Amino acid sequence: MKPLESERAVDPAAAELEDVSFTYAGGDREALQEVDFELRPGEMVGIMGASGAGKSTLAKCLNRIVPRFENGTFRGIVRVGGRALDGERVCDVASMVGMVFQDFEAQLFSTNVAHEVAFAMEQIGMPRDEIAARIGPALAAVGLAGFDDRDPTSLSGGEKQRLAIASVLALRPGVVVLDEPTSDLDPEGKAEVFALIHRMRGQGVSLVVIEHEAEELRNCDRIVLLREGKIIAHGPPAELMVRLELLEDCGVHPPDVNRVMDALGMHAHAASVEEAETIIRAHFPRTAATIATMPVSSEPAPQPRIPEPRTNDENAQPFLRVEQLSFAYPFGPRVLDDVTLAIAAGEFVAIIGQNGSGKTTLAKHLVGLLAPSAGKILIGGRNRATLHPAETAHEVGYVFQNPDHQIFAATVGDEVAFGPRNFGLDDVEIARRSEEVLRVVNLTSERDRDPFLLSKGERQRLAVASVLALRPRMLILDEPTTGLDYREQRRMMALVSDLNRAGIAIVMITHTPWLVAEYARRLVLMREGRVMFDGGVREFFERDELLANSSFRPPEATMLGRRFGFTALRPEELADWIKARS
Amino acid sequence: MPIYLYIDRGSIVHRLNPTVKVFALFIMFWSVYWVDHPLALLPLGLVMVALAQLTGSWPNFYRLRWLFILLIFFTTLAWMVFYRKGPALINTRIIHLSRASLIFGFGRGLKLAELLATSVLFLSTTKVEEFTAGLQRLGVPYRVGFAITLSFRLVPLFIDSALTVVQAQSLRGYDFNRGGPLERVKRYVPVVIPVFMGALRKANNMAMALEARGFGISATPTSYIDYPIRARDRVAFAALVGLGAVYFLIYYSGYGTISVK
């Protein structure tokens, strides 16, 4: 990946790494191994790879967090705008390289938006007049004009992340590095941030973007694929994104549309759903001739018979019933408003909705962490209000979004045994259950390890195991795949599906469209505390007006399928359908 | 739920120079320090009530009402154990209830409540950036001032995380209220460890983000907001000096203490 000498003489790279290796203090292997990387002026480079592949380490080299902030052994040269950074501190580089992190909460320290943007400029000693003159344009650039006096903590996730970007842009750095900027955002926030990234690119900012979802990086100039600290492939998206196996092997979620075309035997890359449609129609002229471009009427197109598990058995007594539930914090607005739903044993329900729509509040009611202001919840016919949360822990389990909110024990085995021990089970039973759940989550070999040394994906599975050890009949998972790479997400969801097949009802709160499409059978859409939709997943994706108002985007395979008149939930399903008609 | 106590109202107190507000914080603490008698503490309390009204800080006092009530109640009660002076109305091995112990205990409770009220008033009317600027003006190094103000940002985050951890562990059947006092303290280990580890991670992320935005490049950063000294600041300063002097005189003349006959 080294540039030609002649190129460098003419136009220095916006940023480059030359033969960089880094080992974290206490680390047993190199996080980066002899990496050469170049970012040309005005270029947008996407960095992808599994968790632990070295993506963040590479990014942090560009602004000296590695090796000045992170301790370890560093070798190699980093240049920004042709200038070697040897000896520079992180703060010295701040006006050349701006960095935006995944954890947007940790990036905002100020009382109002204007102060937040001013912060970096104050640090470098910029005169007051100039700071004042730059705040407006920086906020306007990220679509937050007029937000000056707002409290950053009152902003939505997408707004917070855009504010973090504005505060970096105010210094007008030539290079902006974004390390998984949208991992914690809902689809709307994600779209906002990526729209902003593309605007910055249009303004000539050189960009490095780390991301797990290949779809988001389809329009960048180049992709760099990392594995175990090494760049194993790089090139334009059209080249790399057709190598589906390689992407998956590197923990990257390949674009749905490319997966569809691959399953159709075409080795092609499409930059958008529209483009994929054109390519497919050209290859399958018979399909194109028989199927309308878009559903003509507003009625859903007739669907092929696909056996789908029943969402609710009318005759069976539902395991859990929510009746006209409303909730408001004292003196606060209503967070839940007249919610009614029932969940039967063995169902798989996804709850979706914007941040703040009431999803987690509803889930907390189901396990008794919150008490309704009005209405009631019945578990197996008993009123939830009369039961202590711990009393129903073996009926309804709750896995929090962040596994680190519950992990504390010295070993993985102790962590799993914690729940059963609290319920006074005998040692034989505790050992049997620990054995069982560690096998289920595939952590048996880690039994004696310190849980804090596990990867995020492993910690998430451990959290599930420690809740499963109580053998609940229903499991609530709050964003179970946040912060996991594609491989870990698949492993996590395979586990959840297995549990569901074993008869455990699953309620999953999520923002991720493909998880809903591929795994859930029933979907509950919440908005402003109300249930806006409750029904089959396929049925939901056919309701255009509902989708338009939901801030939820169907997966691209579904969008592509609908262009052919079929609501597909998986790329392979769409490919089979097209093949059958050609 | 807002994390900060700051209430953006724009009252005259809000608009005071941050240095004057930090000085006011000091003078209030100073005045409370010198006197013990509830009657001597009363005028100061009335000043605070007036300030709460003027600055629109009541919502914060409402949020913390139980803290104020419990602080006064339990301090009064506690001093009945330790302050064993004056003719007793009730005198057991544990409790010594006399007019003197009641007044002393209540005075102590009021004192703590006034210290808390001063802090609430200060934080209701002062942005953290102003606090940093005020401290800097008084000669506190920028980094130290910033660290102090950052802690105001972090504490609510940690409390929030602790509440989540308590919920997570109680859903695993954990009972925090079992056993004697020592056992109960030990039972908080499953909360303390996740919160501590989370705090470390959060602090690390924050430090990284701070440095990436230039923190540390200069020992004396510029300030986006100008804080000029205006006439109202001079008046407020003079009034505060007067208040501090009056309270010192009350102490000096012996009126602020509690005499036991």
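**View 1. Helices α11(A) and α22(A) cross with a right-handed sense in this predicted model.** Helix α11 of chain A spans residues 256-263, and helix α22 of chain A spans residues 556-563. The two helices pack at an angle of about 60 degrees. Their axes lie 8 Å apart. That angle makes α11(A) oblique to α22(A), because angles of 65 to 115 degrees would count as roughly perpendicular and those under 35 as roughly parallel.

**View 2. Residues at the contact of α11(A) with α22(A).** From α11(A) come D256(A), V257(A) and V260(A). They meet E556(A), A557(A) and L560(A) of α22(A). Four residues of this contact are nonpolar and two are charged. None is polar.

**View 3. The hairpin of β19(A) and β20(A).** Strand β19 of chain A covers residues 522-527, and strand β20 of chain A covers residues 530-536. They pair in the antiparallel sense over six bridges. R527(A) has R530(A), in β20(A), as its bridge partner. Two residues sit between the strands. In this hairpin, E528(A) takes a positive phi near 45 degrees.

**View 4. The side of chain A that touches chain B.** Here 54 residues of chain A are in contact with 44 residues of chain B. The elements of chain A that give two or more residues include α3 (65-69), α4 (90-93) and α6 (128-141). Also among them are α7 (157-169) and α15 (412-422). Helix α5(A) gives the most, with six residues. By class, this side of chain A has 31 nonpolar, 15 polar and eight charged residues.

Terms used:
Residues are numbered from 1 along each chain as its sequence is written. Chains are lettered from A and ligands numbered from 1 in the order in which they are written. This is a predicted model: local features need pLDDT of at least 70, side-chain atom pairs count only at pLDDT 80 or more; totals for chains, interfaces and linings use all residues. Two strands pair if DSSP finds at least two bridges between them. Helices (H or I, at least four residues) and strands (E, at least two) are DSSP runs, numbered from the N terminus. Axes are lines fitted to C-alpha atoms, for helices over the stretch in contact, and angles run from 0 to 180 degrees between N-to-C directions. Angles under 35 degrees count as roughly parallel, over 145 as roughly antiparallel, 65 to 115 as roughly perpendicular and the rest as oblique. A crossing is left-handed if the near helix is turned anticlockwise from the far one by less than a right angle, and right-handed if clockwise. Two residues are in contact if their C-beta atoms, placed from the backbone, lie within 7 Å. Ala, Val, Leu, Ile, Met, Phe, Trp, Tyr, Cys and Pro count as nonpolar, Asp, Glu, Lys and Arg as charged, and the others, Gly among them, as polar.
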